[in-house]
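Welcome! Take a moment to look over the sequence and the 3D structure, and then we can walk through them together.

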Amino acid sequence: MTETFTGSFTQQEPIPDDGIAAALEVLRHGRLHRYNTAPGELSETALLEQEFAAQTGAKYCLAVASGGYAMATALRAVGIGPGDKVLTNAFTLAPVPGSIASVGAVPVYVGVTEGLTIDLDDLAAKAGQARVLLLSHMRGHLCDMERLMAICDAAGVTVIEDCAHTMGAAWNGVPSGRFGAAGCYSCQTYKHVNSGEGGLLVTDDEELAARAVILSGSYMLYERHLAAPGPEVFERVKYVTPNISGRMDNLRAAILRPQLRALDAQVARWNERYAALEEGLRNLPGLTVVDRPPEERFVGSSIQFLLLDWAGETVAEVVRRTAARGVEMKWFGAAEPVGFTSRYDSWRYAPHASMPATDRILAGLVDLRIPLTFSVEDCRLIARIIRDEVSAVYGGAA
Ligand SMILES: *Cc1c(COP(=O)(O)O)cnc(C)c1O
């Protein structure tokens, strides 16, 4: 009998009961704006920032409207503006080059390795071209962060980390987002905590933090923050930093606080599912599993594998055949971006050089989401379906 899978790759778990209760409380009192506080009250947003700063070990934290907004704010706060070049990953998703474009800057793409991390040799070669790297830990793969920081420090390049897929991850025990000058996280529905939309920015740099608070639209109410620098730092920046409103509200913050407390337990559940999928895909001719380095503590909220050097039509055939059995895979080699799989050459508003080594990886790259509504048994079934179809097509093509 041919097995099929009937689960949804885009169905999240419900918001936990304590999150729903906290959200109802905010709805009942009506003070949704983060600076609308009763006398003596600490807003949900300010508390969220305080808690996330503690969780990541950062001095300062700012909650904002989206992950993309957090990245653009970090770029602005380190002085990036029109015409500046910003190094970034060729393998990432549209909000990353989009945040660079939103400040009028221009991306300089750095290639990807077979391990799906930024190519550090390519980075070293290009480091002289820009003074900021917006590093995307795309699909949760962390590169050798010590080597990356050594390259960037030597070249005087400031690092901003896009941690949309690495909230809860670490390299050699250091949380993702804590190597660079700022770490940016997304709380959008498809990430590791879910408030629909939302973002978090962490930093130890007091001026960066103060500028980010003013940029986000603090109406000079910055003293209501619990994870921001002192008023003397704001004195230095408050009249020269524009308000580009992108605050988080108390409703979202209320939903997020309990989810952040549960993050480590959720990470363990993701990784159980990831392990079942990875195990089911190992030792299959034609398919390359992406090995994870021992230094990396990752969050298995998605899994990637490579059908390296396959003809495009044969990869497309596997994607079609698994889809017919209910397994929705994203392929980064398709000619047109589908869903979330855009590629550096899809962003036609920005220039790009030819990147053959990166094209080879993207042409074979297949990606699956792992929502926590899947059981471990579901993941085993998904792996069996992929195995069947990869073997059938690969056997047929060989
Ligand atoms: C989702 C995502 C972001 C941020 O996205 P928002 O939708 O703006 O919160 C940033 N980088 C990557 C790689 C993403 O997938």
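How many salt bridges are counted between domain 1 and domain 2? Before we get to the number, keep in mind that this is a predicted model, and let us find the two parts first. The protein chain is divided into domain 1, covering 17-261, and domain 2, covering 263-397. Their C-alpha centres lie 27 Å apart. Where the two parts meet, domain 1 brings 38 residues to the contact and domain 2 brings 32 residues.

The size of an interface is often given as the accessible area lost when the parts come together. Here, domain 1 and domain 2 bury about 3,000 Å² between them, and 63% of that area is on carbon and sulfur atoms.

Now back to our question: the count is 2 salt bridges between the domains.

Which elements of domain 1 face its partner? Helix H4 (95-102), strand S3 (106-110), helix H5 (120-126), strand S6 (170-171) and helix H9 (250-261) each supply at least two residues of the side that touches domain 2. The largest share, 4 residues, comes from S3. Sorted by class, this side of domain 1 has 20 nonpolar, 12 polar and 6 charged residues.

Conventions: Residues are numbered from 1 along each chain as its sequence is written. This is a predicted model: local features need pLDDT of at least 70, side-chain atom pairs count only at pLDDT 80 or more; totals for chains, interfaces and linings use all residues. Side-chain values use heavy atoms; hydrogens and water are left out. Domain bounds come from an automatic or database domain assignment. Contact means heavy atoms within 4.5 Å. Buried area is the accessible area (1.4 Å probe) that two parts lose on being put together, summed over both. A salt bridge is a side-chain nitrogen of Lys or Arg within 4 Å of a carboxyl oxygen of Asp or Glu. Ala, Val, Leu, Ile, Met, Phe, Trp, Tyr, Cys and Pro count as nonpolar, Asp, Glu, Lys and Arg as charged, and the others, Gly among them, as polar.
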